[in-house]
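Please open the model in the viewer and keep a selection panel at hand.

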Amino acid sequence: MSEIFFTTEEEFNIFLGETEHYRSLQDKVIRLLAPDPGRLILELGSGVGATAIALAKCYRDSHIIGVENRREVIKIAEERRRGEGLKNLEFVELDMERIADFLREKELRPDAAVFVYSFHHIQDPIERKKQLARDLFSLMNSGGKVIVGEGIVPVPGGHKEYYSRVLEQERERPERVYLTIFWEEYLRALEGGMSHKKALEVARVMAKRAKKLERLAGIKLAKREGEYPLTLSELEEVWKDAGFKILVSERVNTIGEAIVTGIKP
Ligand SMILES: C[S@@+](CC[C@H](N)C(=O)[O-])C[C@H]1O[C@@H](n2cnc3c(N)ncnc32)[C@H](O)[C@@H]1O
């Protein structure tokens, strides 16, 4: 059972990374690497390590490198890795836009590059995302896969005039998150031996907090504060332009998330 009251936002993010909502996208991304994930998998923007840890557990014969630019977050991810006893996973403190320098210096050629809710952190103009895609293409082994799972926007650029439309699209999301987390946490608490009364209390606190964060995230996304999401066709274009053959480019749910996968021929 997770702690009921988290002291930092990062700790709470660990909890979010374990919820059904987050996991459903993560699970698809991980399964898309099967049956042959290759020897070296990069997870770019690895945060507190939820996806990197899941990858390391699923693909024991692969080595996973989680790339993250915030030291305090890496500390948490590293503690979790140690707690899980995973030897095929490491975290590096690095701006993902500098991945090419890192790979060249270490003489590494990845077989897969995975982004889970992180590609939109690369700032505009879109050329910066295209540069990263080209760098990965040039340094990956042939047959290497790229998998991007994240939120998309309905229309490109000129975001302000479409503000209300995006908000409309996001309107139901906080409520969905409330329900997902309530049930996830309630059942987990009961399974952990907690009384019904206490489990109910815990689940409601967690679900309320998640709903609040989700609402804030939605508003941030609509205003594009610190986030630079693309439309699905822009996202596909970024990887296609770099030389990847697109395997799938599809929405995964009705709340505005999608997955794009490509392979280096
Ligand atoms: C929503 S979290 C994704 C978490 C992780 N991918 C997972 O699924 O568990 C996005 C992460 O990307 C990181 N990030 C943002 N810009 C970055 C950059 N330029 N280089 C490396 N990491 C970055 C943020 O610090 C944040 O921890």
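Predicted model: local features only at pLDDT ≥ 70, side-chain atom pairs only at ≥ 80, totals over all residues.

Helices (H or I, at least four residues) and strands (E, at least two) are DSSP runs, numbered from the N terminus. Residues are numbered from 1 along each chain as its sequence is written.

Next, select the buried residues (20 or more other C-beta atoms within 10 Å of a residue's own, with C-beta atoms placed from the backbone). They make up 39% of the 265 residues in the protein chain.

Now select Leu42, Leu55, Ala113, Val114 and Val148, which have the most contacts inside the largest nonpolar core, a set of 53 residues. Such a core consists of buried Ala, Val, Leu, Ile, Met, Phe, Trp, Tyr and Cys residues joined through C-beta atoms within 7 Å. Helix H3 (residues 50-58) supplies the largest share of this core, six residues. A second, separate core of 11 residues includes Tyr178, Ile181, Tyr186 and Ala207.

Finally, centre on the ligand. Which residues are closest to the ligand? They are Gly45, Gly47, Ala50, Thr51 and Val116, among the 19 residues that surround it (C-beta atom, placed from the backbone, within 6 Å of the ligand). H3 and strand E2 (63-68) are the elements that give two or more residues to this shell.

Conventions:
Buried ≥ 20, exposed ≤ 12 C-beta atoms within 10 Å, placed from the backbone.
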